[in-house]
Amino acid sequence: MPELPEVEITARRLSAGAAGGEIESALAPGMVAMKTFDPPLDALAGRTIERVRRIGKMLAIDAGDLTLLIHLMSAGRLQLFDKRASLRDKSSRVLLRLPGDRELRLREFGTQQRAWAKLLHTDAVADDEAVATLGPDALPAPPPDEFAALLDQPRHLHPLLRDQRTIAGIGRSWVDEILWTARLSPFQRASDLEADEVERLRAACEQRLGGALAHYEEVIGPAVPDKLPMPLQVHRRAGEPCPRCGTRIEAVHFKDYVMCYCPQEQTSGRVLKDRRLSKLLR
Ligand SMILES: [Zn+2]
């Protein structure tokens, strides 16, 4: 799933490419992705795209007094194309047609249809449930006192950092990277952290999310590719040596994601039980 750095670079590139374009027509093939019906999607026709911005892990296309709020979920992509999609293209979810055959297109890969869009009055975006419930953005990281207060919860770090209501923008990929950078266990209880550990975690958020964004600014051209070259060091690298200490990176498999960590530096040498294996052994 695209997280803060991936969604931010997408917003920046789309804003540069689409701002100023007048929407000729707006369509949602099949309508499954649209979660609102009033105002209707074709109310965007005739309006000019002012900008594309990021809100947490969502994208917002501002056009006049309307905003199309989009959540890509795990397999959605919002991209600008020079040619319009065939209406038979089954991956199309929402199409904003721009002058000169160009098209801003929300596509979704795979069989699941989970990406969604809502057309809202711009001044109502902040009150929408998906936006109103977001915690502060993870980049720049909240000031030290605020960050410490957010973490003062008796929950494990891994789920807590991914909880958008606590802090917005971090998902399953970057949480592994941030915890590894801060040398903290994914199962560390957040409220038990020492002050220096909280500061390490805050610095790791800045360093890894900011570093990823700087990397994308460097390597991503005007068109954002389907797959971004994520600068990951431990996530999806189980079995490889830790880039810092050489210890084998271990993984815990959950139903729909994998948690990766360095046992030497994050869990006092302990290899955590793999949920997938323990299920088989039970
Ligand atoms: Zn290590």
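**Pocket linings and a helix contact**

Me: What classes of residue are in the lining of the second largest pocket?
Reply: By class, this lining has six nonpolar, two polar and three charged residues. Ala, Val, Leu, Ile, Met, Phe, Trp, Tyr, Cys and Pro count as nonpolar, Asp, Glu, Lys and Arg as charged, and the others, Gly among them, as polar. The model is predicted, with local features needing pLDDT of at least 70 and side-chain atom pairs pLDDT 80 or more, while totals for chains, interfaces and linings use all residues. Residues are numbered from 1 along each chain as its sequence is written, and side-chain values use heavy atoms, without hydrogens or water.

Me: Which residues line the second largest pocket?
Reply: They are Arg13, Leu14, Gly17, Gln79, Leu80, Phe81, Asp82, Arg102, Pro222, Ala223 and Val224. H1 and E5 each give two or more residues to this lining; helices (H or I, at least four residues) and strands (E, at least two) are DSSP runs, numbered from the N terminus.

Me: Which element gives the most to the lining of the largest pocket?
Reply: Strand E5 does, with three residues. The lining holds 42 residues, with Met1, Pro2, Lys57, Met73 and Ser74 nearest the centre. By class, 18 are nonpolar, ten polar and 14 charged.

Me: Why are H1 and H6 said to meet?
Reply: Contact means heavy atoms within 4.5 Å. Pro5, Glu6, Glu8, Ile9, Arg12 and Arg13 in H1 meet Leu209, Ala212, Leu213, Tyr216 and Glu217 in H6, so the two helices are in contact. By class, this contact has six nonpolar, no polar and five charged residues.

Key: On a 1 Å grid over the protein atoms alone, a cavity is a set of points where a 1.4 Å probe fits but cannot get out, and a pocket is an open set with protein on both sides within 12 Å along at least five of seven lines; lining residues have an atom within 4 Å of a point.
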